[in-house]
Amino acid sequence: MPPGQSKVELYAALRRDAREGMSNRALERKYRVGWRTVQKALSSAWPQPREPYAPRRSKLDPFKPVIDQMLRADLNAPRKQRHTVVRIYRRLINEHAMDDVSYQVVRAYVAKRCQWCRA
């Protein structure tokens, strides 16, 4: 597909050239697309919308209830005794054998959850 050309424009060009008598193979070469793209363009004037990806499971998923429990306990604790992200991360490693989750993943989750726990 040439740069700056939308898929709708590409489909229109493929259909126009096919009506003029170009073979599918020639269309593939001219527009640098695969045979599936040519077949889709000839069968429908509008390209199919992309299907969204299914949500992936995170390595942090088994530890999310533990983190939430720590943050809920911090709601009643004095300000100086609340968990920091580093402390939560180290507790997960030491007490819950978490070994394949990075600090950044834990930090991002705690930042997202702290919007409801400390608001």
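Here is a short chat about a predicted model of a protein.

Reader: What makes up the secondary structure of the protein?
Author: It comes to six helices and zero strands. Read from the N terminus on, the elements go α-α-α-α-α-α.

Reader: Why is the protein called more spread out than a compact globule?
Author: For 119 residues the globule rule gives 14 Å, but the radius of gyration is 27 Å, well over that, so the protein is more spread out than a compact globule. Along its principal axes, the C-alpha trace spans about 80 × 30 × 20 Å.

Reader: How many of the 119 residues count as buried?
Author: The share is 28%. As for the surface, the protein exposes about 9,200 Å², with carbon and sulfur atoms supplying 50% of it.

Reader: What makes Tyr-89 and Tyr-103 an aromatic pair, and why is it called edge-to-face?
Author: Rings pair if their centres lie within 6.5 Å, and these two are 5.6 Å apart, centre to centre.

Reader: Where in the chain do the two partners sit?
Author: Tyr-89 is in helix H5 (residues 85–96) and Tyr-103 is in helix H6 (residues 103–117). They are 14 residues apart, and the pair links distant parts of the chain.

Reader: Why is Tyr-103 called partly exposed?
Author: Buried means under 20% relative accessible area and exposed means over 50%. Tyr-103 has 27%, so it falls in between and counts as partly exposed.

Methods
Residues numbered from 1 in each chain as written. Predicted model: local features only at pLDDT ≥ 70, side-chain atom pairs only at ≥ 80, totals over all residues. Heavy atoms only, no water. Helix = DSSP H or I, 4+ residues; strand = E, 2+ residues; numbered from the N terminus. Rg over C-alpha atoms; globule rule 2.2 N^0.38 Å. Buried < 20%, exposed > 50% of the residue type's maximum accessible area, 1.4 Å probe, protein only. Areas by Shrake-Rupley, 256 points an atom, 1.4 Å probe, with all protein chains shown as cover. Phe/Tyr/Trp six-rings, centres within 6.5 Å; stacked < 30°, edge-to-face > 60°.
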